[in-house]
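Take a look at the structure first.

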Amino acid sequence: MAHAIGLARRGLGNVWPNPAVGCVIVREGRIVGRGWTQPGGRPHAEVRALEQAGPLAEGATAYVSLEPCAHFGKTPPCSAAIVRAGVSHVVSAAIDPDPRVAGRGHAMLRAAGITVTEHVMADQARALNKGFLKRIGQGLPMVTLKLATSLDGRIATAAGESRWITGAEARRAVHAIRLSHDAVMIGSGTALADDPELSVRDIGARHQPVRVVLDSTLRLDPGGRLGRSVRKGPVWMVHGDAAPQPARDAWIAAGAHLIQASGLRAALRALADRGITRVFSEGGATVAAALLREGLVDDLAMFTAGAVLGGDAVPAIAPLGWAHLADAPRPTLMDQRVIGGDTLTRWSF
């Protein structure tokens with residue numbers, strides 16, 4: 001099962017709105033097939049593993065990181081494929097909460113005489129698909145907040161200089177994390193100050209995450225790097241009612257997708273409605289504060305550089321207005337590692 005979950009991880013950021021699933025088929029102590037959800041969510045992990053196993057799937061045990069689906073969508077249900085292949089035992093990690101599945105996959109397998117073992121490494125499997133589970137359960141995507149700061153929690157000097165606080169190795173790690181998310185999100189302030197492209201570069205990426213800008217009045221010029229690079233990957237502009245029509249028309253002409261939403265929670269819900277399950281927020285101090293204040297952060301990726309910028313430098317998080325320590329969230333430390341001359345600390349809320 002650990003191997004199946006590891007295979008599933010390969011699909012993160014590239015299979016939305018589907019979950020990332022891994023499958024390993026074992027016969028007589030030997031792996032005869034394995035697979036993971038492919039780009040765009042099709043084909044499913046079980047189908048890939050069964051194709052690889054061929055006739056050796058008969059009488060074998062299939063380890064699947066999420067309950068096999070039981071509904072007809074773009075493809076037939078995986079549970080039916082497992083039955084046809086003659087698999088005798090299915091070991092699954094977690095129940096699929098999608099109402100079209102939600103136990104029906106296991107029931108289909110048992111009805112066909114297949115032994116089903118559930119909840120093996122369930123916590124690890126649910127953690128991997130936190131974004132999918134949150135979208136199904138709450139109608140919101142999982143949000144990873146990324147901060148890259150000095151030792152004293154600053155993201156730019158008093159004069160506004162911010163490139164680069166962290167080193168090249170840390171920036172490369174950021175690109176890898178971007179790739180594991182469906183979308184990268186920033187606010188209009190960061191977009192105007194940095195004119196970023198937000199693409200994944202220098203690590204051989206075969207796809208690009210959706211690039212999302214929260215820009216209530218569409219101040220950002222579509223002639224900037226984001227607008228000019230729409231062909232490299234999708235750009236979604238989230239705006240409010242007050243966005244002028246000429247600005248809307250200009251972004252549409254540039255090839256961007258426009259989303260009208262009022263407020264941060266509504267914006268994230270709109271992303272989830274469009275299938276996004278995992279958002280990597282690289283917005284500035286204002287967006288970071290808003291996400292934290294509204295309890296919308298699930299994970300925090302904190303890159304810390306060995307530099308001190310001082311109290312007159314720009315803080316990583318805008319004022320939160322909390323008067324008491326009890327008001328402050330207390331995330332759980334997940335892991336910490338050194339990357340070049342910097343440190344990456346991961347927290348879970």
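Predicted model: local features only at pLDDT ≥ 70, side-chain atom pairs only at ≥ 80, totals over all residues.

Residues are numbered from 1 along each chain as its sequence is written, and side-chain values use heavy atoms, with hydrogens and water left out.

Let's start with the cores. A nonpolar core here is a set of buried Ala, Val, Leu, Ile, Met, Phe, Trp, Tyr and Cys residues joined through side-chain atoms within 4.5 Å; buried means under 20% relative accessible area with a 1.4 Å probe, protein chains only. The largest one has 36 residues, and Cys23, Ile25, Leu50, Ala62, Ile82, Val87 and Val90 touch the most other members. Elements giving two or more residues to this core include helix H1 (2–9), strand S1 (22–27) and helix H2 (45–53). (Helices are DSSP runs of H or I, at least four residues, and strands are runs of E, at least two, numbered from the N terminus.) Leaving aside neighbours within four places in sequence, Ile25 is in contact (heavy atoms within 4.5 Å) with residues including Ile31, Val32, Leu50 and Ala62. A second, separate core of 30 residues includes Val212, Val279, Ala288 and Leu300.

Next, helix H4 (residues 104–111), where Gly105, His106 and Leu109 are buried. Seen down the H4 axis, the buried residues fall within an arc of 95° (taken from the directions from the helix axis to the C-beta atoms), so they line one face of the helix. They pack against helix H3 (78–85), strand S4 (89–92) and strand S5 (115–117). Just after H4, Gly113 takes a positive phi of about 90°.

On a 1 Å grid over the protein atoms alone, a cavity is a set of points where a 1.4 Å probe fits but cannot get out, while a pocket is an open set with protein on both sides within 12 Å along at least five of seven lines; lining residues have an atom within 4 Å of a point. Volume is the space filled by probe spheres set on the points, which are joined across faces, edges and corners. The whole structure has 2 cavities of 30 Å³ or more.

| Space | Volume | Closest to centre |
|---|---|---|
| Largest cavity | about 70 Å³ | Leu12, Asn18, Asn129, Thr277, Arg278 |
| Second largest pocket | about 540 Å³ | Arg9, Ala127, Arg278, Asp299, Arg346 |

Conventions: Buried < 20%, exposed > 50% of the residue type's maximum accessible area, 1.4 Å probe, protein only.
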